[in-house]
Amino acid sequence: MSAEDAALSLPRPGPRDPARRQERAFRFWRWMSLCYLFFVALPMFFWREVPASAVLASLAATVLYLPLHFAAFARFRVEADARPIVAIALGAAAIGMALTPVNPGGSTFVIYAMLFCGYRMRPRTAAALCLPLLAAYGLQVLLIGGQWANFLVTAVVGGAVAASGLWTQAQLRHDAELRLSHDEVRRLARMAERERIGRDLHDLLGHTLSVIALKSELAGKLVERAGGEARALAVARQEIAEVERVARESLGQVRRAVTGIRAAGLDAEIAGARLALLGADIELVVELAPLVLEPAAETALALGLREATTNVLRHAGAGRMRVALRRDGRDALLEIDDDGRGGVRAAGNGLTGMRERMEAVGGHLAVESDAGGTRLRLRVPLDEMRLLRETC
């Protein structure tokens, strides 16, 4: 990746980035939502005599609940694996149902469980858990002869907070997609400007250098025909040959630079992958080292990333994908991991094409796939001249 590519890459999230503001708001809500623990003790304010057992049970339930609360809101994103949050929600509901026979305020913990479902689960999983929880709580109220008003309040408030969480998820996803779309528009505008610079550079400087090379070659032939002092002619021929060599080298450098400008870049593919994965609710983690790649090698890696993203979207069933570029000896290593179902046994057309592109630039592709997901290792040689300058 050249210095120009780094300058034109997508902006990194800063302290004023909307996603950062949303995450800070989420953390603030994690603490503010503890204020609703007041409703655990609220029924006891209306009792003429408050049994010590009810107070102690309420305090114990609150102490048991707090670790579940912070574990539920430890991450901002919805996880693909819902089992941990399901266990946390069931634990909170169990605490509430155990406290309800002693203190009706135990319904607060059932509402918290539904809150976890709305904010931390996908819609289908949230609905599949909230409805049985409400049914179980209603059955308990019926069996202990409790007040149906308590169950109705739990159902209405719990349903409202779960729906609010699901709506917040949808809004955050929509906002993130909108931001990525804006980033993509800016990236395309920068790409169009790079294409224009590439065309102008090739048309103007390329044409000029071609004329220099041709005229130098012609002058050399004319000197050979003109005759004269042998030594002077030899020097003239040598100088003209040097001009021709420099011109042709410059022309080759211009063409390589234009190829680099027009080649597919990792930044562009990462931006496209982030947008595609966000729409599928898949987290993308990117770790890019500042490496200088040959245009052909970067194009091969970018196309490999595109193919890997397509496979994750279509087949993997993953919730998280990691892309890391780092230096490994004299090679650049691109690692692409996902936490999907794995099980890739035979290379299809996509992996076969990826392997062929790697071999075409002197690279190598390694694939590991098991129950924990799929891991791709794309290796290409680094720029030898750059490595030489770094070691000197």
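Before I turn to the helices, one convention: an axis here is a line fitted to the C-alpha atoms of a helix over the stretch in contact, and the angle between two axes, taken between their N-to-C directions, can run from 0 to 180 degrees. Please also keep in mind throughout that what we are looking at is a predicted model.

With that convention in hand, let me begin with helix H10, residues 266-279, and helix H11, residues 295-316, which pack at an angle of about 10 degrees with their axes 9 Å apart. Angles under 35 degrees count as roughly parallel, and H10 and H11 are therefore roughly parallel to each other. On the H10 side the residues that meet the partner helix are Leu266, Glu269, Ile270, Ala273, Ala276 and Leu277, and on the H11 side they are Glu298, Leu301, Ala302, Leu305, Arg306, Thr309, Val312 and Leu313. Sorted by class, the contact of H10 with H11 holds 10 nonpolar residues, one polar residue and three charged ones.

Let me step back for a moment to the protein as a whole, which has 13 helices and five strands. Of its 392 residues, 38% are buried, and if we take the contacts with a separation of 6 or more, 74% of them are between residues 24 or more positions apart.

Helix H4, residues 52-72, packs with H5 at an angle of about 165 degrees, and the two axes are 10 Å apart. That angle makes H4 roughly antiparallel to H5, and the crossing of this pair is left-handed. From H4 the contact draws on Ala57, Ser58, Ala61, Leu64, Tyr65, Leu68, Ala71 and Ala72, while from H5 it draws on Ile85, Ile88, Gly91, Ala92, Ile95 and Leu99. By class, these residues of the contact between H4 and H5 divide into 12 nonpolar and two polar, with no charged residue among them.

The other partner of H5, which spans residues 83-99, is helix H7, residues 123-143, and here the packing angle is about 15 degrees, with the axes 11 Å apart. H5 and H7 are therefore roughly parallel to each other, and H5 passes H7 in a right-handed crossing. The H5 residues that make this contact are Val86, Ala89, Leu90, Ala93 and Met97, and those of H7 are Thr125, Leu129, Leu133, Ala136, Tyr137 and Gln140. In the contact of H5 with H7 we find nine nonpolar residues, two polar residues and no charged ones.

I would like to move on to the strands, and to a few individual residues in and around them. Arg322 lies in strand S2, residues 320-328, and its side chain is joined to that of Glu335 by a polar contact of 3.2 Å. Leaving aside residues up to four places away in sequence, Arg322 touches Val285, Glu287, Glu335, Ile336 and Asp337.

Ser369 belongs to strand S4, residues 364-370. Is this serine buried or exposed? Its relative accessible area is 17%, and because buried means under 20%, Ser369 counts as buried. The side chain of Ser369 makes a polar contact of 3.1 Å with the side chain of Thr374, and, again without residues up to four places away in sequence, Ser369 touches Gly342, Gly343, Val344, Thr374 and Arg375.

Gly372 sits in the loop between S4 and strand S5, residues 373-381, and with a relative accessibility of 48% this glycine counts as partly exposed. Beyond residues up to four places away in sequence, Gly372 touches Asp338, Asp339 and Gly340.

Val292, in the loop between strand S1 and helix H11, is partly exposed at a relative accessible area of 23%, and its C-alpha atom is 7.2 Å from that of Leu382, although the two residues are 90 apart in sequence. Arg355, in helix H12, residues 349-360, is likewise partly exposed, with a relative accessible area of 29%, and its C-alpha atom is separated by 8.7 Å from that of Gly304, 51 residues away along the chain.

Conventions. Residues are numbered from 1 along each chain as its sequence is written. This is a predicted model: local features need pLDDT of at least 70, side-chain atom pairs count only at pLDDT 80 or more; totals for chains, interfaces and linings use all residues. Side-chain values use heavy atoms; hydrogens and water are left out. Helices (H or I, at least four residues) and strands (E, at least two) are DSSP runs, numbered from the N terminus. Buried means under 20% relative accessible area, exposed over 50%, partly exposed in between (1.4 Å probe, protein chains only). A polar contact is a pair of N or O atoms within 3.5 Å; within protein, one must be able to donate a hydrogen and the other to accept it, and residues adjacent in sequence count only if both atoms are side-chain atoms. Contact means heavy atoms within 4.5 Å. Angles under 35 degrees count as roughly parallel, over 145 as roughly antiparallel, 65 to 115 as roughly perpendicular and the rest as oblique. A crossing is left-handed if the near helix is turned anticlockwise from the far one by less than a right angle, and right-handed if clockwise. Ala, Val, Leu, Ile, Met, Phe, Trp, Tyr, Cys and Pro count as nonpolar, Asp, Glu, Lys and Arg as charged, and the others, Gly among them, as polar.
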